[in-house]
Amino acid sequence: MRAVYFIVIMLAALVPAKHALHMFQQNRYELERFSSWVMDNIEGGARRAIIPAAVITVVALACMKLSVTNVLFFCIVIGAVLAAVLILRERKAVYIKPLVYSDRVKRQILVLTVLYVLIQLWLLFRFRRFNLWLMLALSYFGPWLLIYPMALITAPVEKRVNQSFVNDAKRILREHDDLIKIGITGSYGKTTTKNIMYALLSEQFNTLITPASYNTPMGITRTIREMLKPIHQVFVCEMGADHTGDITYLMEFVQPSIGAVTSIGPQHLSTFGSQENIIKEKMQEIELLPPDGFGVLNIDNEFIRNYEIQSPVERVTYGLHNEADYMAKDITYSPSGMKFTVLYHGEEHPMETHLLGELNVLNILCSIAVARRLGIEWEAIRRGVRQMKQVEHRLEQRIINGRMFIDDAFNSNPSGSAMALDVLAMMPGRRVIVTPGMIELGEQQDEINREFGARMKDRADDVILVGEHQTKAIYEGLKLSGFDMDHVSVVDKVTEAFDIVYRITTPADTILLENDLPDAFNR
């Protein structure tokens, strides 16, 4: 019977272990972030653990009364039921971003399994009633606790593996000595700008960009090792940062000759610690360029505008509302996109694009500045702007089941969400917004989400909030603004939000999807 019980408690731990690894992965394999997430979600975790905890408590009480043999039998039955319920529930679960079984995760699974097996075997061979109860409790709660020793054990291995990959990427870059390298950073706008830049530079150069949001050291390393070929003439590298020193490291790694800063805002305040740290770190993109480098700056951003750059490197500015080298005027919207005119040193260049929103005009201006630096003619630029595709999940217009959606589901931020609401306000028919709000904004998060809610008045007709906990501040903002609360719905899951959308809208209406939180933050 002991062997049967061991198999049962192994099965009962499968789903909790998967969930723990999943959340550890979504928190970038960082124990500090993982611990913060656990503390932020302890209320929801406690609610989900009520039934298992109650069952385990009953088992504990039974252990005090029953014989060891009866306790073992009782634990086998309870453990088997727990394992079956968890596994069946998991088979029905739908994740926004599923666990990726990378080589790193496979190594973590191995270490986690060894730790769990050793502890459970030790308890089993001690064979006491209390130990049998403890084994059952560990099957549900143990994997979450074992994440910590597992991470500490695997950290040296992961560091060596990662460094070997980085060194190989640096070697490949050195071999491409004539490669034009462009770095892009910003609190927001960098991924869209990267894609726009690719469209323009590809008119003349064989260009490689970091795909999706591969903006971390390992994402960039993977791009270089797997995708960079001798035929490539330009490499556009998105550089992300959520800690002090991240951009400094990436600049030393990639060593671009052209750098662009799209924006600076309160993104990742919880890890940067202060807005001043964010500003200084992002501006390293310009300050660490070589003496013959070239910087491109969004002068509309007050943090960039007011920063004193400690470098003589040549640079240009772009903007809509402040005097800049590259500006735009006469912006008009339609369901098919935008038209506007670029102003450059007294010249006027008309443009049209499928993209939407003033932020995308800024992103286009940034890309134009780089394209002109590399000698691309205005006619080729105009063609690239006209032909470029909408960027996935960034104010992307999509028809889904006969409804018009504006998909702005990727990583919402204060400026982007405000612009998305302005775009929604210009659309015909009933206007609906579906959102779980914004995250990783530190102490300012509630206030920013409250302002986000207040801004929805007169821009949206119906609001659907996903996740009661993280949307409380948005709900408060809506109420304070005088929004008709009869047209506000709060749901637990995105699927419930879509049920409401299809019930209250027609093909003549517009639905804005603003942000799509990963499972770690969707609560």
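**Helix α2 and its surroundings**

Modeller: This is a predicted model. Helix α2 covers residues 14–26, 13 residues in total. From its first C-alpha to its last it reaches 18 Å, close to the 18 Å expected at 1.5 Å a residue. Burial comes next. Of the 13 residues of α2, 10 are buried, so the helix is largely enclosed by the rest of the structure. The cut-off for buried is under 20% relative accessible area. The buried residues of α2 are V15, P16, A17, A20, L21, H22, M23, F24, Q25 and Q26. Just after α2, R28 takes a positive phi of about 60°.

Now helix α1, residues 2–12. Its axis and that of α7 (residues 103–126) come within 11 Å and cross at roughly 145°. The crossing is right-handed. On the α1 side, R2, Y5, F6, I9 and M10 make the contact. On the α7 side, Y116, V117, Q120, L121 and L124 make it. These contact residues divide into eight nonpolar, one polar and one charged.

Then the cores. The largest nonpolar core has 42 residues. Its members I182, L201, V296, Y326, I368 and I381 touch the most other members. Helix α16 (residues 358–373) gives the largest share of this core, nine residues. Leaving out residues up to four places away in sequence, I182 touches M197, L201, V234, F235, V236, C237, P256, I258, V370 and L374. A second, separate core has 32 residues, including Y29, F34, C75 and I76.

Note on methods. Residues numbered from 1 in each chain as written. Predicted model: local features only at pLDDT ≥ 70, side-chain atom pairs only at ≥ 80, totals over all residues. Heavy atoms only, no water. Core = buried A, V, L, I, M, F, W, Y, C linked by side-chain atoms within 4.5 Å. Buried < 20%, exposed > 50% of the residue type's maximum accessible area, 1.4 Å probe, protein only. Helix = DSSP H or I, 4+ residues; strand = E, 2+ residues; numbered from the N terminus. Contact = heavy atoms within 4.5 Å. Expected span 1.5 Å × (residues − 1). Axes fitted to C-alpha atoms, helices over the stretch in contact; angles between N-to-C directions. Left-handed = near helix turned anticlockwise from the far one by under 90°. Nonpolar A, V, L, I, M, F, W, Y, C, P; charged D, E, K, R; others polar.
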